[in-house]
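This report describes one protein chain for a reader who has its sequence and structure at hand. Please look over both before reading on.

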Amino acid sequence: MPKIILAVTEQRLTAAATTWIEAVLFNGALAVDVTVGNGYDTLFLAHRVGPKGTVLGFDVQKAALAGARELLKFVGTLDRVSLIHDSHAQLANYLPAEASIQGAMFNLGYLPRGNRQIITRPDTTVMALRAVLANLATRGRVTILAYRGHAGGIPEYVELRQFLEQLPDDPWIIEEFASITDSPVSPRLFRIQKKLVSEEQT
Ligand code: SAH
């Protein structure tokens, strides 16, 4: 079982996610934004997968997808993005045959300035994560930003952590990050990488 090492970062957790993910993206890569929300991660991924790449973006709220569509249209990268109005629990059904995902981002919780009743849930979050991990490229990377300040946030964080802890050591490298202002209700970032089996962490 992988030991999840907890580290503290001076970076914003969102930046600790994007700078790490972008290192494995290239022109032509497949990336997934598991929770489109305000669309910033979708925008970032669309830029990094280049004109030949593809981004799949999921959200259950039409308003979130509409906002993301506007952003992508504005910067001219909508052509490589599929915005999917469905639960990420169905993620596996939307993957192309033999899909190899290079990068996937989860940004959990509720949509800021949106309906705070609509939050990600542990069971569907774990289903989406299973689908991503099952289709992740070797050296592919996944980031999960878990918010613990709202009702439902801590149970989701706990369940997610339990799921990650029972993954096999090969091929998974799992890290957890707290910010310098960490408290029991602060967000935490998980970073998961698929290594070549028996490859040492570099
Ligand atoms: N908490 C973050 C934003 C998270 S947005 C921040 O503060 O920046 C999370 C998004 O996930 C919301 O837009 C919500 O509609 C979406 N969501 C919730 N459940 C979902 C599901 N089962 N499938 C896909 N998207 C979902």
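Lys73 is exposed, because 12 other C-beta atoms lie within 10 Å of its own, and a residue counts as exposed at 12 or fewer. In this predicted model, Lys73 belongs to helix α3, which covers residues 62–75. Lys73 and Leu43 are 30 residues apart in sequence, and their C-alpha atoms are 9.9 Å apart in space.

**Two residues with positive phi**

Most residues other than glycine have a negative phi. Glu98 has a positive phi of about 55° although it is not a glycine, and Arg139, also not a glycine, has a positive phi of about 70°. Glu98 lies in the loop between α4 (91–94) and β5, whereas Arg139 is part of strand β6.

Are these residues buried or exposed? Glu98 is exposed, since 6 other C-beta atoms lie within 10 Å. Arg139 has 15 other C-beta atoms within 10 Å and is therefore partly exposed. The table sets out the counts for the residues discussed so far.

| Residue | Other C-beta atoms within 10 Å | Class |
|---|---|---|
| Lys73 | 12 C-beta atoms | exposed |
| Glu98 | 6 C-beta atoms | exposed |
| Arg139 | 15 C-beta atoms | partly exposed |

**A cis peptide bond**

Most peptide bonds are trans. The bond from Asp170 to Pro171, however, is cis, and its omega is near 10°. Pro171 is found in the loop that runs between α6 (153–165) and β7 (172–179).

**Strand β6 and its partners**

Strand β6, the strand of Arg139, consists of residues 136–146 and is mostly covered: eight of its eleven residues are buried. With which strands does β6 pair? Strand β5 (residues 101–107) pairs with β6 in the parallel sense, over six bridges. Within this pairing, Phe106 stands opposite Ile144 of β6. Strand β8 (residues 188–194) also pairs with β6 over six bridges, but in the antiparallel sense. Here Arg141 has Gln193 of β8 as its bridge partner.

**The chain as a whole**

The chain contains six helices and eight strands. Read from the N terminus, the order of its elements is β-α-β-α-β-α-β-α-β-α-β-α-β-β. Along the principal axes, the C-alpha trace spans about 40 × 40 × 30 Å.

How does the radius of gyration agree with that of a compact globule? For 202 residues, a compact globule would have a radius of gyration near 17 Å, and the chain has 16 Å, so the two agree. Of the 202 residues, 37% are buried. When contacts between residues at least 6 apart in sequence are considered, 77% of them join residues at least 24 apart.

**The surroundings of the ligand**

Which residues are closest to the ligand? They are Thr35, Gly37, Ser87, Gly109 and Leu111, and 19 residues surround the ligand in total. By class, the residues of this shell comprise nine nonpolar, nine polar and one charged.

Note on methods. Residues numbered from 1 in each chain as written. Predicted model: local features only at pLDDT ≥ 70, side-chain atom pairs only at ≥ 80, totals over all residues. Buried ≥ 20, exposed ≤ 12 C-beta atoms within 10 Å, placed from the backbone. Helix = DSSP H or I, 4+ residues; strand = E, 2+ residues; numbered from the N terminus. Pairing = 2+ DSSP bridges. Rg over C-alpha atoms; globule rule 2.2 N^0.38 Å. Contact = placed C-beta atoms within 7 Å. Near = placed C-beta within 6 Å. Nonpolar A, V, L, I, M, F, W, Y, C, P; charged D, E, K, R; others polar.
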